[in-house]
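Here's a quick briefing to read alongside the model. Have the sequence and the 3D view open as you go.

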Amino acid sequence: MEEIKASMAGSVWKIVVSENEKVEEGQDIIILESMKMEIPISAETNGNIKELKVSEGDFVNEGDILAIIE
């Protein structure tokens, strides 16, 4: 099981995947917006999205868990 964490504080601008979706390493799963920049957060491993911990519009801090891949 792999936790995908926010690399910086910002708002969840877009969630690109859904729960139970298969993802590959390097695939974008969530896009954060911070200081008017879009920051893509990608999967760090192959697997399935077990759980999304955030919703679009949520504010997250650096290190917050965004999703879990198994």
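Let's start with what Ser34 touches: leaving aside residues up to four places away in sequence, the list is Met8, Ala9, Gly10 and Ile39. Bear in mind that this is a predicted model.

**Ser34 up close**
- Ser34 counts as buried because its relative accessible area is 10%, and the cut-off for buried is under 20%.
- Its side chain has a polar atom 3.0 Å from the backbone oxygen of Ala9. Ala9 is also one of the residues that Ser34 touches.

**Strand 4 as a whole**

**Pairing with strand 2**
- Strand 2, residues 10-15, runs antiparallel to strand 4, and the two pair over 4 bridges.
- If you want a spot to look at in this pairing, Ile15 sits opposite Ile30 of strand 4.

**Pairing with strand 5**
- Strand 4 also pairs with strand 5 (residues 37-42), again in the antiparallel sense, this time over 6 bridges.
- Here, Ile31 is found opposite Pro40 of strand 5.
- Strands 4 and 5 make a hairpin with 2 residues between them. Within that turn, check Met35, which has a positive phi of about 50 degrees.

Note on methods
Residues numbered from 1 in each chain as written. Predicted model: local features only at pLDDT ≥ 70, side-chain atom pairs only at ≥ 80, totals over all residues. Heavy atoms only, no water. Pairing = 2+ DSSP bridges. Buried < 20%, exposed > 50% of the residue type's maximum accessible area, 1.4 Å probe, protein only. Polar contact = N/O pair within 3.5 Å; in protein donor to acceptor, adjacent residues only side chain to side chain. Contact = heavy atoms within 4.5 Å.
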